[in-house]
Amino acid sequence: MSQKKLALKPSVEVPIWHEPARKKAISKRTKAALVILLLLVPIVIYFGIRIGDRQYLVISLILLFLSMLPFFMIFEDRKPQARELIVIAVLVALAVAGRGAFFMLPQFKPVAAIVIISAISFGPETGFLVGCLTALVSNMFFSQGPWTPWQMFAFGMIGFIAGLFYRFGWLKTTRISLCTFGFFSIFLIYGLIMNPASLLMFTTNLTKESLLAVFISGAPMDLVHAISTVVFLAVLAKPFLEKLARIKKKYGLIEE
């Protein structure tokens, strides 16, 4: 009797979402978004610092307007459908509700995870918009202040970079890839923006010693934030990405 040989499966992690990452060249729309988000947004924040902290709400609204420009470039020759805007609103509402639900745990929030999922599902421009809106709306409950524009920019950049990395195939839809990106995005994007920002809210005279001190003092909170992002990505990524993929396919939403 001939015995059948069992084929051993390679120990390769299967993507949690079946839509593969696609490599694309940088489009004109993405180049325009990069100019807006990496040039105009920092300029607006800088002038907000020069004007004074009391203008933070005006600066936040200007940032919101700038963050909407790349998003609406997606639609080019057509108007956005109401259902597309509703999906964005729901994602923002989930992120805001998640931040509120864990208010008793400082920095242990699902915001960055939901922003990353939004960017993978609908592109970097949408990821930036979801991040900006989440920071602005949630701070209506947690209190607005001069930190709001910085948080909008920080969460927005996490979404934008996640979307770009996924588009070029550098970010995979496996738990290891998503959690690794989520962990380091808190230190290298959010922390890199928010830690110096906390110093700029009190003084414009930055020194190496003061920057080093603020990064060291902020490291424990960034670590908690990074761990929470990993936890929420591990739990939420699979169901969220699958449901958003079905919605996107069924209704033809926000095609990149």
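**View 1. Contacts across the chain.** Of the contacts (heavy atoms within 4.5 Å) in the protein chain with a separation of 6 or more, 80% are made by residues 24 or more positions apart. This is a predicted model, where local features need pLDDT of at least 70, side-chain atom pairs count only at pLDDT 80 or more, and totals for chains, interfaces and linings use all residues. Numbering starts from 1 along each chain as its sequence is written, and side-chain values use heavy atoms, with hydrogens and water left out.

**View 2. The helices and the surface.** The protein chain has eight helices and zero strands, counted as DSSP runs numbered from the N terminus (helices: H or I, at least four residues; strands: E, at least two). Along the sequence that reads α-α-α-α-α-α-α-α. Out of 256 residues, 47% are buried, which means under 20% relative accessible area, with exposed over 50% and partly exposed in between (1.4 Å probe, protein chains only). The chain's accessible surface is about 13600 Å², and carbon and sulfur atoms hold 70% of that; areas come from the Shrake-Rupley method with a 1.4 Å probe, and for residues only the protein chains shown count as cover.

**View 3. A nonpolar patch and F47.** V35, L39, L40, I43, Y46 and F47 make up a nonpolar surface patch, with about 550 Å² of accessible area together. Patch members have over 30% relative accessible area and no salt bridge; like charges are joined within 9 Å, and nonpolar side chains (Val, Leu, Ile, Met, Phe, Trp, Tyr) within 5 Å. A salt bridge here is a side-chain nitrogen of Lys or Arg within 4 Å of a carboxyl oxygen of Asp or Glu. F47 sits in helix α1 (residues 28-51) and counts as partly exposed because its relative accessibility is 48%.

**View 4. S177 in helix α7.** S177 belongs to helix α7 (residues 175-200). Its relative accessibility is 18%, so S177 counts as buried. Apart from its neighbours within four places in sequence, S177 touches L171 and K172.

**View 5. Two annotated spans.** An unreviewed UniProt entry lists "transmembrane region" at several stretches, including residues 55-73 and 85-105; such annotations may be inferred rather than shown by experiment, feature names are shortened, and positions follow the numbering used here. Residues 55-73 are 95% helix and 0% strand, with end C-alpha atoms 28 Å apart. For residues 85-105, it's 81% helix, 0% strand and 31 Å.

**View 6. Confidence.** pLDDT, the predictor's confidence in each residue from 0 to 100, averages 83 over the protein chain, and 84% of the residues score at least 70. Among the elements, α1 has the lowest mean (78) and helix α4 (residues 111-122) the highest (95). Over residues 1-11, pLDDT stays under 50, and the model has zero contacts there beyond four places in sequence.
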